[in-house]
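Hi there,

Here is the structure I promised to pass on.

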Amino acid sequence: MNIELEIFSPVHQIQDQLFDEKGLEVFIKRDDLIHPLISGNKWRKLKYVLKQAQAENKTHLVTFGGAFSNHLLATAAAAAKFGFRSTGFVRGEEVDNDTLFLCRLHGMNLLFADRENYRDKEALFDKHFADDPEAFFIDEGGASALGAKGCSELVNELTETYYHIFCACGTGTTAAGIINGLTEHHLPAQFHGVPVLKNGEFLSDEIDKYLDKPADYNLHTEYHFGGYAKTTDELIQFIKRFVASTGILIDHVYTGKMLYAIYDLAAKNYFARGSKILAIHTGGIWGLLGMRDKFNAII
């Protein structure tokens with residue numbers, strides 16, 4: 001089976017009075033529209049990993065994630081679409097939620113692992129699947145050089161020149177891929193990563209690990225809102241205003257924090273007037289389903 005998706009990821013301009021006042025043009029690349037479930041960087045990171053599994057005649061994808069992991073859901077959907085079996089190790093105690101329901105609906109077998117055992121993913125894989133010659137290990141979030149290769153292809157799709165390109169960072173794989181793409185095409189855009197984890201400075205080491213060549217880039221580490229998947233009333237209010245004014249659905253884990261950073265930096269005159277800025281929507285909006293009560297509580 002040919003492992004490909006027809007890419008539909010248009011670029012839309014974000015209209016806002018703030019950007020008009022600051023003399024900025026801000027756009028968003030809608031990778032969230034690539035596929036309902038295998039969306040955004042989830043597909044880009046999985047593409048060549050799945051091709052490698054196929055080349056090695058592996059038929060069983062084994063991967064890892066939290067209880068609301070968009071990567072788990074994307075892997076489950078991709079496995080169903082392209083003819084693989086799938087297993088997901090879920091971090092923490094056994095729970096049930098909308099994300100895991102959709103994983104199971106797509107045929108994924110779920111195994112729950114306590115946080116201590118979850119830390120050693122290779123050991124977990126070996127314990128359960130060392131004797132399964134068809135099992136194929138996929139790291140949490142799809143982090144890998146092959147994942148970065150897939151993400152680099154995003155740059156091939158750009159038809160305009162931008163001064164700045166922003167992307168949320170979790171594992172650093174997407175950031176590294178985009179930076180590699182910019183380097184390959186000799187594009188002048190400055191890359192900006194917005195780590196969604198507390199103390200995200202460490203991500204520079206993860207990004208550098210997947211770079212084809214050394215490159216300069218920026219990490220804005222002050223927009224984590226308390227840590228991975230953490231949020232605040234301020235972030236929730238921003239997301240609600242953004243969605244209601246643009247019609248573009250964004251999540252609180254990744255794209256919401258990245259866009260907040262752009263708005264905040266614009267308000268602080270970080271960008272020169274006339275700058276053209278591109279934000280990457282990395283998909284993964286299903287985690288919002290677990291936040292309904294918190295969003296409803298914020299007026």
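Which residue lies over the face of Tyr254? That residue is Lys42, at 5.1 Å from the ring centre. Please keep in mind that this is a predicted model.

Now to the ring pairs. A pair of aromatic rings is described by the distance of the centres and the angle of the planes. The structure holds 18 aromatic pairs. One of them joins Phe89 and Phe129, whose centres are 6.1 Å apart with 75° between the planes, an edge-to-face arrangement. Phe89 belongs to strand β4 (residues 85-91) and Phe129 to helix α6 (residues 121-129), so this pair ties together parts that are 40 residues apart in sequence. Both Phe89 and Phe129 are buried.

Tyr270 and Phe271 make another pair: their ring centres are 5.1 Å apart and their planes stand at 85°, so this one is edge-to-face too, given that angles over 60 degrees count as such. Here the two partners are worth a look one by one. Tyr270 has a relative accessible area of 38% and is therefore partly exposed, while Phe271, at 7% relative accessibility, counts as buried.

Finally, there is a cluster to colour in your viewer: ring pairs link Phe19, Tyr223, Phe225, Phe238, Phe242, Tyr260 and Tyr263.

Best wishes

Technical notes
Residues are numbered from 1 along each chain as its sequence is written. This is a predicted model: local features need pLDDT of at least 70, side-chain atom pairs count only at pLDDT 80 or more; totals for chains, interfaces and linings use all residues. Side-chain values use heavy atoms; hydrogens and water are left out. Rings of Phe, Tyr and Trp (its six-membered ring) pair if their centres lie within 6.5 Å; planes under 30 degrees apart count as stacked, over 60 as edge-to-face and the rest as tilted. Helices (H or I, at least four residues) and strands (E, at least two) are DSSP runs, numbered from the N terminus. Buried means under 20% relative accessible area, exposed over 50%, partly exposed in between (1.4 Å probe, protein chains only). A charge sits over a ring if NZ of Lys or CZ of Arg is within 6 Å of the ring centre and within 35 degrees of the ring normal.
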